[in-house]
Amino acid sequence: MRSINTIVTCLILASIAQGQTNGIIDYSDSPHTRFHGIDIGDCRWTDGFWAKKFASCEQTMVPHMGDILKGETGHALNNFKIAAGMQKGTHQGFSWHDGDFYKWMEACVYLYAINQNEDLLSELDQLIEIIADAQEPDGYLHTEIQIEKIPHFSNRRFHEMYNCGHLYTAACIHHRVTGKTNFLKIATKNADLLYRLFQPRPKQLSRFGFNQTQIMGLAELYRTTKDARYLELAEIFINNRGNQHDADHPTVTGESIGDMVQERVPLRKETEAVGHAVLALYFYAGAADVYAETGEQALLNALDRLWSNVVDKKMYLTGAVGQAHYGISSRRDRISEGFVGEYVMPNSSAYNETCANICNAMFSYRMLNIKGESKYADVMERVLFNSALSGISISGTHYFYSNPLRLVEGARDYSKMNTESPRRKPYLKCFCCPPNLVRTIAKSSAWAYSLSENGVAVNLYGGNSLSTQLRDQTAIDLTQQTSYPWDGKVTITIERCKDTAFDIHLRIPDWADGSAVSVNGRKLDRELVPGRYATINRQWAPGDVLELDMPMPVRLVEGHPRIEETRNQVAIVRGPVVYCIESPDLPEETSILNVYLPSNSNLTAEFHPDLLGGLTAIEGTIAIRNRSTSTMYQTIKQPAWTMQHATFIPYFAWCNRGECEMTVFLPVIWQ
Ligand SMILES: [Zn+2]
């Protein structure tokens, strides 16, 4: 085997030669993507919405979560110490807790890439040393299995692959950003073990791959080390699935089978997103990573079908996915925390795990770069502003696991639920979502831009500065000024660029009818198509100013007529932000079920700097129905209404003023 040091030296040299290898996904050599990533750190949020979120991530979310995971409550570091023989004790947390710790470490690396805080790096070094001590000589690493002395790879429910995947992803980005090899060495040692075990495709291990982040992780390890075995293994984990679904295989005993884990139908033949939403979307995201390297058309065709099935038939207005905690697939397999039928979109019982929503954006980010189409960035944005940020409190310290679109007091017995709760909690025993969300906020600036063949695509809007190189290695610096998402005006100033023509692709969001673009004050005479990039090709020069104006009227949005749960209801949306109404903004004792929206409500938007961290709220008239219902059905006459002035807040900000009722969709009174 080649020495890791030799490989790493080559890589560092290669990265200096090529540049652009430090993206959150290293697309620098990927032959089958239209877009490529910018390096993490090339874009920094400077002002406005995302700058504030990033500051909270840096100052509160990540340190606070570190205290939890390294302390007794989270016990994640303790697990590594116990596995390393440094302290005595038992494993605590779920089987995937190592993976949750790696996600938090990954967030620390993103912060370091932006702020160059050496304290972060030295702390990571200490943690990596402990993890290295916990790793077995053959490369095996899974603290629960090691501490509890469970046979390795005996049952997939222990999530060995999930932990591996997050290890690889975190280690790759750590190496790229820091040049250090200590974390990467643990990852390659572990991946080499997987290769020895799984590459021969032994029958007894053929069902492995529960919650398989390892496909994404292996693809990234391939991109980082150029060792083709890792890509080969990533493809094996795709090919292994869909060929068997009997329940009596020893490695699946006691666990879900079939559609729940996407193993009833081979991925290339699949037509419907099924099963656990996180498992499914990590799988699809991994397959998209493999496609970016292999260019296999059958894989892309399947991913196209699955992306459309999710987005067009199973996704909430908030970008959330995974409609049901418990349900059944169309092929009659029991599923949990996942997809059920098309257009089945319950509001108050919606599961919508924060991880699943983020995975939806991760899958779309990969499709965006593969295809260069803005509809994928539309989904990323829909998730980010709505069903991702709803997972964490404004304070940055409390978490939702599940993200329903309505909460009705007394309608559900939360005491019997392990992951759903009526308020955000300071700690979740199943801790997969919080570090997933925090790492996403930490890396969000790297999602903001992609590089096209001869230009740069603006994927996300927010005050930022970009200093990067185009694909031809010429420098481009620009700044973006905007109050987005509260205002639709975006000003981009070119600070530095090459002296030959190149493209700037501005994403015109799918909601942004009537948008206009001007260059140096001259309006471009062309129609901009919502849901597409507007490409402006010209010989740019420092000082050039590009302005995009996206009108942001308050909009009423209804669901597809087949969504029974939203028939004759509307949601209030402005720009990319979905709004809701909650108890603190209603007269006392008002049931959320009695709140209706007159269509002539005269909804107006206003920014409130002191409300919930500063946000644009919407005000208007609601109609409160005087009704107390005790019977299942009753004869109705003309209802009596009380008209009331009310405030709507962004959905992501709900439940920050105590436990309350809330709804996104409201029955409408057309007038
Ligand atoms: Zn989760």
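## Questions and answers on contacts, pockets and salt bridges

Trainee: Which residues is Asn211 in contact with, leaving aside its neighbours within four places in sequence?

Mentor: Asn211 is in contact with His159, Met161, Tyr162, Val278, Leu279 and Tyr282. They get that label because contact means heavy atoms within 4.5 Å. Before you go on: this is a predicted model, where local features need pLDDT of at least 70 and side-chain atom pairs count only at pLDDT 80 or more, while totals for chains, interfaces and linings use all residues. Residues are numbered from 1 along each chain as its sequence is written, and side-chain values use heavy atoms, with hydrogens and water left out.

Trainee: Why is Asn211 called buried?

Mentor: Its relative accessible area is 8%. Buried means under 20%, exposed over 50% and partly exposed in between, with a 1.4 Å probe and protein chains only, so at 8% Asn211 is buried. Asn211 sits in the loop between helix 8 (182-198) and helix 9. The helices (H or I, at least four residues) and strands (E, at least two) are DSSP runs numbered from the N terminus.

Trainee: What makes Asp333 and Arg264 a salt bridge?

Mentor: Their side chains meet at 2.5 Å, N to O. The rule asks for a side-chain nitrogen of Lys or Arg within 4 Å of a carboxyl oxygen of Asp or Glu, so this pair qualifies. Asp333 lies in the loop between strand 4 and strand 5, and Arg264 in the loop between helix 10 (228-239) and strand 3 (275-276), so the pair ties together parts that are 69 residues apart in sequence.

Trainee: Are the two partners buried or partly exposed?

Mentor: One of each: Asp333, at 9%, is buried, whereas Arg264, at 23%, counts as partly exposed.

Trainee: How do you know that Lys371 and Asp304 pair up too?

Mentor: N to O, they are at 2.9 Å. Lys371 is in helix 13 and Asp304 in helix 12, so this bridge ties together parts that are 67 residues apart in sequence. Lys371 is at 18%, so Lys371 counts as buried, while Asp304, at 22%, counts as partly exposed.

Trainee: Why do you call one space a pocket and another a cavity?

Mentor: Both come from a 1 Å grid over the protein atoms alone: in a cavity a 1.4 Å probe fits but cannot get out, whereas a pocket is an open set with protein on both sides within 12 Å along at least five of seven lines. Lining residues have an atom within 4 Å of a point. Points are joined across faces, edges and corners, and the volume is the space filled by probe spheres set on them.

Trainee: What volume does the largest pocket have, and which residues are closest to its centre?

Mentor: About 770 Å³. Of its 35 lining residues, Trp96, Met260, His276, Ser336 and Glu337 are closest to the centre. Strand 5 gives the most to this lining, with four residues.

Trainee: How does that lining divide by class?

Mentor: Into 16 nonpolar, 11 polar and eight charged. Here Ala, Val, Leu, Ile, Met, Phe, Trp, Tyr, Cys and Pro count as nonpolar, Asp, Glu, Lys and Arg as charged, and the others, Gly among them, as polar.

Trainee: And how many cavities turn up?

Mentor: Four of 30 Å³ or more in the whole structure.

Trainee: Last one: what makes a set of residues a nonpolar core?

Mentor: The members must be buried Ala, Val, Leu, Ile, Met, Phe, Trp, Tyr or Cys residues, joined through side-chain atoms within 4.5 Å. The largest such core has 223 residues, and Met105, Phe183, Tyr284, Leu506, Phe648, Trp654 and Val664 have the most contacts inside it. Helix 11 gives the most to this core, with 13 residues. Apart from it lies another core, of seven residues, among them Phe210, Leu279, Ala324 and Val340.
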